[in-house]
Amino acid sequence: MTPLLKVEGLGKFYGRHLGCADISFTLWPGEVMGIVGESGSGKSTLLNCLAGHMPPDTGRVMFDTRDQGLRDTLEMSEPERRWLARTDWAFVHQNPRDGLRMNVSAGGNVGDRLMAVGARHYGDIRRQASDWLGRVEIDAGRIDERPRAFSGGMQQRLQIARNLVTGPRLVFMDEPTGGLDVSVQARLLDLLRGLVRHFGLSAVIVTHDLAVVRLLADRLMVMKDGHVVEEGLTDQVLDDPQDAYTQLLVSSVLQV
Amino acid sequence: MTDYNFAYLDEATKRMLRRAILKAVAIPGYQVPFSSREMPMPYGWGTGGVQVTAACLVPEDTLKVIDQGADDTTNAVSIRNFFARVARVTTTEATAEASVIQTRHRIPERPLTDGQILVFQVPIPEPLRFLEPRETETRTMHALEDYGLMQVRLYEDIARHGEIARAYAYPVRVEGRYIMDPSPIPKFDNPKLDRSPALHLFGAGREGRIYALPPHTRVESLDFEDYPFTASKAAGQRCAICGAEDSYLDEVITDDAGGRMFVCSDTDYCATRVAAQAEDAA
Amino acid sequence: MSISCKMKGGGMIEISGVGKRFVLHNQGGVVLPVMEGAALSVRPGECVALVGASGAGKSTLMRMIWGNYRCDQGSIRVAGVELCGAEPRDVIALRRNRLGYVSQFLRVIPRVPTLRVVAEPLRAQGLAEADALARARALLARLNIPQRLWSLSPTTFSGGEQQRVNIARGFILDWPVMLLDEPTASLDSANRAVVLDLIAEAKARGAAILGIFHDADARAAVCDREVDVTGFTPARDLSA
């Protein structure tokens, strides 16, 4: 089996300040990997480097492209990378406002990626948008409303629909449940888990919420000060942490 | 030509403008930046068009200027007088006689011919502006042909109004490459751009952009397969003066009791038809 | 489900020389050795009980076999897969297809209905939703979970109900290897009998089962032999 994503020696510096360094891992098809760590640990920097939002200073990010197998996304041209970002990749932002077009209707938001890859049949686009609103549990009757009229949880689900409509194989998520009420979080987690399973998606999820990774992630990477301090099977890292920082992190979680 | 330079602008400026125009012609639909000069008229009155016209004019030219299709409106008359004075070129109201036509918001009804230049006044050159406010991003989108967003806008129109509601400044795709704002001409005029034998130049003075359609360029209006583009106008009406059914009509309110009439917006086209009808009658 | 039996010693669970210690970095680096020289084997169709005093390491050993505790030393082979030093995806594949676990605690996403919680292992294997739900219904009915609760999340259920949901989830698939952590605790006698039947049926179809049963009668009813983990407990430094 070919890995979907193979990262080697990734590093990013902000001037003299370290963003992240020496990051290497292999993500296999269908795997969900969580990245946890406190604010400033470099997890968001890493995610943005992986997703092509910022160029890393060192390392390689190899992705299993559909037609040419493993290729270094950093050596791709900008049009190739953007094409990948619209087709095989998806990025779910913490704040749905960053991932949605707030002045475009729900249907237009979902149809956006379809049209970006060349869909030119209004009826087809609308049918697919309506289908996807249903999948993320948004009433299809609200297809022409703008996201502004939606609750935070609905906006987040709309963002997910918008991202998944082109059938991506790899989804990057930055704190997908952050900023949502606990009850809304649960619903979103269930939805994400169902979609990941149904479509056999691979995902990289950055979060500081250990409960989220326990429910969603197969594997876990723990970051501190820009470095990976521990990685492994999610429940192994959480139940039997080896590193001092991971032990502190796990023991700091409030029990309810 | 002793007191002033020919056609108002100094030679260095005209040279700069011509370089921009040549580049624009070489890359149809691409917006070429240029250093827009202060002109003796306010922005919005055609400073871009005037600069392009000034750069194109030679003493042998015959100039026609129209505003909303009419030769006799304030803006058209002012600009025509301006060039008559600073370039001493012949002016005309007849489309067929003109070698350079500066226009605002219309394309003449009479088909343009080989060798003619049509100069458009453009308020906002960037067709993606209201979808993506960042200039850096719209330029990247053009560079990468990342035009899904434009289609999203048309989608939104159909979702809200049941059809693509844009009646003017209807976006076009040039030679299958750049998406271009044809300036605020009615979409009725869009088909006239396609493979026209004339050279079309677009000047935006405030934003300092020139773009062009060289003769015989393929120009397609954007649409959906199931909602194709239609070049519509006031349905079922004909010109109250010349009786034309195939021209773009202005609605004219004639009294304060709701009386109205439709007349050709292209005054030359209308006058030519009326003259021909008079001749036939005679 | 047919399992190739090319495993060392013929056991579905083969453990030898297993050792484990905890290093508590945030408590001055205290090192707690908790296991040493653990060895056992469970064959298909066999049910083995782990026994020993509280704190002797029964749960620790179970977790090492499940894979959420890291194995420091020795070898743990489950259905032919070596767990010491295994890649996460090997453990995940093992859990998806070979290894079932009935833990004492139910860990689910809060609002997911009971029926779907129980059907999930089948769905993970790719079974169609309707078939998976049908099997989940049958098992929930057998475990006497009232039908009106099926559409609710089990997070609000009583301890006994949660335990039965957990058991249903554990027995929905015909796992070749099963780990049972106190499956009959907090159950009334009727439900206890159902669970013992389920265990007996799993044995009959050839499952290798390793369990912790505090209930001596239950142990006597289903277990073929016992392994006392006290023997795997390292000598503690009593002066500490």
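Which residues on the other side of H3(B) are exposed? The legends below take up this helix and three further views of the predicted model.

**View 1. Helix H3 of chain B has a buried face and exposed residues on the other side.**
H3(B) covers residues 74-86, 13 residues in total. From first C-alpha to last, the helix reaches 18 Å, close to the 18 Å expected at 1.5 Å a residue. Ala76(B), Ile79(B), Arg80(B), Phe82(B) and Phe83(B) are buried. Down the helix axis, these buried residues fall within an arc of 155°, so they line one face of H3(B). On the other side, Thr74(B), Asn81(B) and Arg85(B) are exposed.

**View 2. The buried residues of H3(B) pack against one helix and three strands of chain B.**
The helix is H2 (47-56). The strands are S2 (62-67), S3 (90-91) and S4 (100-104). Arg80(B) is among the buried residues of H3(B), whereas Arg85(B) is exposed. After H3(B) comes Arg88(B), with a positive phi near 50°.

**View 3. Chain A meets chain B through 17 residues of chain A and 14 residues of chain B.**
H4(A) supplies the largest share, 6 residues. By class, the chain A side holds 6 nonpolar, 6 polar and 5 charged residues.

**View 4. Chain C is assigned two domains.**
Domain 1 of chain C takes in 1-98, 176-184 and 203-235. Domain 2 of chain C spans 105-174. Their centres, taken over C-alpha atoms, lie 25 Å apart. Domain 1 brings 6 residues to the contact, and domain 2 brings 5. On the domain 1 side, 3 of the residues are nonpolar, 1 is polar and 2 are charged.

**View 5. Asn166(C) is a buried residue of helix H5 of chain C.**
H5(C) runs over residues 159-171. Asn166(C) has 23 C-beta neighbours inside 10 Å; 20 or more make a residue buried, so Asn166(C) counts as buried. What does Asn166(C) contact, leaving aside its neighbours within four places in sequence? Its partners are Val102(C), Ser103(C) and Leu106(C). Gly37(C) is 129 residues from Asn166(C) in sequence. In space, the two lie 32 Å apart, C-alpha to C-alpha.

Definitions and conventions:
Residues are numbered from 1 along each chain as its sequence is written. Chains are lettered from A and ligands numbered from 1 in the order in which they are written. This is a predicted model: local features need pLDDT of at least 70, side-chain atom pairs count only at pLDDT 80 or more; totals for chains, interfaces and linings use all residues. Domain bounds come from an automatic or database domain assignment. Two residues are in contact if their C-beta atoms, placed from the backbone, lie within 7 Å. Ala, Val, Leu, Ile, Met, Phe, Trp, Tyr, Cys and Pro count as nonpolar, Asp, Glu, Lys and Arg as charged, and the others, Gly among them, as polar. Helices (H or I, at least four residues) and strands (E, at least two) are DSSP runs, numbered from the N terminus. The expected span of a helix is 1.5 Å times one less than its number of residues. A residue is buried if 20 or more other C-beta atoms lie within 10 Å of its own, exposed if 12 or fewer, and partly exposed in between; C-beta atoms are placed from the backbone. The arc is that of the directions from the helix axis to the C-beta atoms.
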